[in-house]
Amino acid sequence: AADPAIWDHVQKSLQRGARIILTAGFLNRAPQGREFCQLTGIKRPVKTAPMRANEIIVNADILTLERPLDLESPLVLTDADILLSARVGPLNVPFLTRSKNGAVYVLNTHTFSPADFDAVGEVLLCPRQLGLLDLPLSWADEVRAAFNSRLDIELSAPPRVTLQPLGEAGWMIHNYNTKEVPIEIKADVDAIVDGFTGERIQAGDQVIVLTLPARSREWLVKE
């Protein structure tokens, strides 16, 4: 947001067909705030007012979270789609939005400010655990899709599982959880092998179902 040329960078990226993902904090601080709000379909001004949601909306139902979800701003939309929404008291607050042209997303997440560290006397370590890492599967997949949907692979997995594209070398899947987790991978390929062992990984209808042990990784390579 401190880059005075950021608007031009974004416009050039959009012309190349890129997908843009912004945060609510960026909209608050960007020098071309008016233009970015028009681009994203978010009402100005975007206020920085960190809040914590104990509930989220999943398939029209209200789900209580294990840990509160930190939000950056009480966003108000002018012309955007709400993909994910949280509950703060009586209010539904957008967490992930998408512009009408489908090219620009806004992630309304808050991590830590200097005041958060000062409040607990911490300098390096996270001052508290984040509810972002305990979201339900459907929310984790929706956030991943914002970043990954233009790849030739789709990962469905709980939070703390990451997908790293490696170009022609395939993909690396990391499980940072302290327990084993099931994952599902959809890829438009005929066959996939384990990059570490060379063994073929069984797939049906281009869908791979795996169980990743705690703190493990899987290297997938197109055969």
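Author: What follows is a close look at one helix, and then a walk along the rest of the chain.

This is a predicted model, in which local features need pLDDT of at least 70 and side-chain atom pairs count only at pLDDT 80 or more, while totals for chains, interfaces and linings use all residues. Residues are numbered from 1 along each chain as its sequence is written, and side-chain values use heavy atoms, with hydrogens and water left out.

The part to start with is helix 1, which takes in residues 6-15 and has Ile6, Val10 and Ser13 as its buried residues; buried means under 20% relative accessible area, exposed over 50%, and partly exposed in between, with a 1.4 Å probe and protein chains only. As a general rule, an α-helix has 3.6 residues a turn, so residues three or four places apart point the same way.

The cover over the buried residues of helix 1 includes strand 1 (20-23), helix 2 (24-29) and helix 3 (33-40), where contact means heavy atoms within 4.5 Å. After helix 1 comes glycine 17, with a positive phi near 90°.

Cysteine 37 has a number that falls within the range of helix 3 (33-40), and because its relative accessibility is 3%, cysteine 37 counts as buried. Cysteine 126, by contrast, counts as exposed because its relative accessibility is 57%.

Further along, in the loop between helix 3 and strand 2 (51-58), you will find proline 45, which is joined to arginine 44 by a cis peptide bond with omega about -5°. The loop between strand 2 and strand 3 (61-71) holds alanine 60, where phi is positive, near 75°, although the residue is other than glycine; at 73% relative accessibility, alanine 60 counts as exposed. Arginine 160, in the loop between strand 7 (153-156) and strand 8 (161-165), also has a positive phi, near 70°, and with a relative accessible area of 29% arginine 160 is partly exposed.

Stepping back to the whole, the protein chain has five helices and 14 strands, and of its 223 residues 42% count as buried. Along its principal axes, the C-alpha trace spans about 55 × 45 × 40 Å.

How values were computed. Helix = DSSP H or I, 4+ residues; strand = E, 2+ residues; numbered from the N terminus.
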